[in-house]
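Hi,

Here is the structure I promised to pass on. Have a look at it first, and then read my notes below.

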Amino acid sequence: MSARPKTPRPPKSAAPCKDEDIALAFYRQMVLIRRFEERAARGYAEAKIGGYCHLNLGEEATVVGLMAALQPDDYVYASYRDHGYALARGISPERVMAELYGRTDGVSKGWGGSMHLFDVDARLMGGYGIVGGQVPLATGAALAVAHRGGAEAVLCQMGDGTTNIGAFHESLNLASLWDLPIVFVVSNNGLGMGTTVEGSSAEPDLFKRASAYRMASERVDGNDPVAVHAAALRALTHARSGKPFLLETVTERLKGHSVVDPAGYRTREQKAQLLAGDALSAYAARLTERAILTDDATREIDEAAMAAVDASVRFADASAHPATSTLFDYTYATAVPNDSRRLPGQPLFPAAARPGETMSEKAPA
Amino acid sequence: MSPTTERITLAKAINLGMRRALEQDPKVMLMGEDIGKLGGVFRVTDGLQKDFGPDRVVDTPLAESGIVGTAIGLALRGYRPVCEIQFDGFIFPAFDQITTQLAKMHYRSRGRLQLPVVIRVPFGGGIGAVEHHSESPEVLFAHTAGLRVVSPATPGDAFTMIQEAIASPDPVLFFEPKGRYWDKAEVDLDAVGGGLDKARVARRGNDLTLVAHGPTVTTALKAAEAAAADGTSIEVIDLRSISPLDTATVAESVRRTGRCVVVHEAPVLYGTGGEVAARITEECFFHLEAPVLRVGGFHAPYPVARLEHEYLPSLDRVLDAVDRTLAV
Ligand SMILES: Cc1ncc(C[n+]2csc(CCOP(=O)(O)OP(=O)(O)O)c2C)c(N)n1
Ligand SMILES: [Mg+2]
């Protein structure tokens, strides 16, 4: 396999830009994520994508605002709803789509899939399929930073439902007790699968949960990328001073929990309302009103996003599937004595030899 | 009363079995994530909250340790909770409660406390899912004394076994073969189970004994069918219970056939196959014509969707083991 493209590390200090440039850059990224996710849904329907596939549709503003606030050296931990985070972290759509397609040029060589995107170069330390799985790990990464006196911060993204699992509470306590440089972000899209926040959280103002650990926290409109960005910067500054922070971004999940979920627990009116209140359209309208976005620019941005997404699909389609022979690779970091690496189709162990066959002929290569 | 039979899926059979239990015993409660209004990710609890109310079919927050832990508390005060875990891989936050409390309270209290808790776990692969969503962790529980670990392979067994599990004074880990949820069969809705810890001879034969449970029973039956075409007569045993293990039924068969292959989706290393092989060796060593072979998952994490059929014990791999055993 040829050398895989690495994610370029952005320069430490980008040239100062005007607010309008930033506002437009947010829009550009939001559109890219929107189109990418729509295409991923199609890829799933076409059976190009296997496993499960959770989209950031409706959450683009949160994703973009958060990622823009990070320094290149900061660490990101995310839930399984991670595509947008990977894209906004600067990983090429090609490598993300290839991963969704389960191909060898994907960020995890096709073995992570939609839920387990991972790229050390981008310091994206993974999407996680176990709800809450990322939270103690991110806390540990923050402990590592604190231990060696690093300047980085850790951003740990999770959903609203995740705040009900024990690992969340253990982690917040540890982070606060040990003064760790971490921002816990709760992307509150109102639902964990079909369960509402009110139906599952005794304190539905989720940001307030931080107070049990004497942790600072804030709730922000997760549909406004500018507001999310500003809040994330504040939270990160706080974290870098050695105090963890909980940021709740209130947003919406436009579609079902995963691509296969028809969201039957939502009424027709609720669905219509969601689409009408879509954050991307609202943000576009806002930029247009302020004359930051013109009709021409809207078209150009959309076309560029579509072109990037099309290219990612071509790249993914052209990339090879993992070979069966790689089934055992990376199970251990070291050689393991007596490890069975018998591949499907190879003779069973410890099968008796067939008549006329010697044991050495049967030994796996 | 004439017997009522209905052609239903395995998922529906579990649903009807739970409905029966809810009707018959007011102390039966169901708990789990999205099991009420949504009816569970696999719709196994479909319609039950509507008919029995949200106090008996309880939608819980996302908190497996809390779900199982509170179920233990309920059981300690006379309830019979049935917990749903959405997928095999999500049981681990509750592993602590299951192995340190649920399995041991009866023993610890010298029999004064009973824990009639059922934990339903959709397990196994073959549905194009990935890690956490396709695994077979049944022996992790079978290794712990105090837990019953069972798995139905057919809609008929699913219907009676879930009711027997709920009625059992012991905690039961109820592993549902999710790849077979949509398999249909005629189910006798008046049937009562014949015991939760009895293996079942699913097909009679003389030349070799194929032992399976849950999703691989169908694979084993297909293998027997294919072998029959070659003139080989295979007996298929559906274990139904992993713990306790019905050694007598397997040993009786192997004494007749002299040959045995065990098939399961779980990794072979330290698995059910190893336990069966050891017991067979102990009980019928002098009847064995060939070593007991195991066909199952590999010693590697569950792979990506595209390679899962390489990982799972396919018909070819089972037949290969059959051939090798017969060749001795
Ligand atoms: C330990 C565990 N339990 C259950 C699940 C199944 N599950 C996956 S996502 C999800 C809902 C999570 O909701 P939330 O945290 O709000 O995140 P969102 O999907 O809304 O982004 C559930 C129950 C899981 N993956 N892991
Ligand atoms: Mg949510």
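**What I found**

Chain B is assigned two domains, with domain 1 covering 5-188 and domain 2 covering 200-327. Before you go further, please keep in mind that this is a predicted model. Taken over C-alpha atoms, the centres of domain 1 of chain B and domain 2 of chain B are 26 Å apart. Where these two domains meet, 25 residues of domain 1 of chain B and 23 residues of domain 2 of chain B take part in the contact. On the domain 1 side, α6 (138-142), β6 (148-150) and β7 (172-177) of chain B each give at least two residues. That side of domain 1 of chain B is made up of eleven nonpolar, eight polar and six charged residues.

There is also a record to go with this part of the chain. An unreviewed UniProt entry annotates residues 8-183 of chain B as "domain: Transketolase-like pyrimidine-binding". In the model, residues 8-183 of chain B are 36% helix and 17% strand, and 8 Å lies between the C-alpha atoms at the two ends.

Now for the sheet in chain B. It is an open sheet of seven strands with mixed pairing, and the order is β3-β2-β4-β5-β7-β6-β12 (chain B). Which strands stand at the edges? They are β3 (57-59) and β12 (241-243) of chain B; each has a single partner strand, so one side of each has no neighbour in the sheet. On average, and ignoring direction, neighbouring strands of this sheet are turned by 20° against each other. If you want to zoom in on one pair, strand β2 (residues 28-32) of chain B runs parallel to β3(B), and three bridges join them. One place to look is Gly32(B), whose bridge partner in β3(B) is Asp59(B).

Next, the two chains together. The contact between them involves 37 residues of chain A and 38 residues of chain B. The side of chain A that touches chain B has 15 nonpolar and 20 polar residues, but two charged ones.

Last, the ligand. Where does ligand 1 lie? You will find ligand 1 between chains A and B.

Key: Residues numbered from 1 in each chain as written. Chains lettered and ligands numbered in written order. Predicted model: local features only at pLDDT ≥ 70, side-chain atom pairs only at ≥ 80, totals over all residues. Domains from an automatic or database assignment. Contact = placed C-beta atoms within 7 Å. Helix = DSSP H or I, 4+ residues; strand = E, 2+ residues; numbered from the N terminus. Nonpolar A, V, L, I, M, F, W, Y, C, P; charged D, E, K, R; others polar. Pairing = 2+ DSSP bridges. Axes fitted to C-alpha atoms, helices over the stretch in contact; angles between N-to-C directions. UniProt positions renumbered as here; feature names shortened; annotations may be inferred. Near = placed C-beta within 6 Å.
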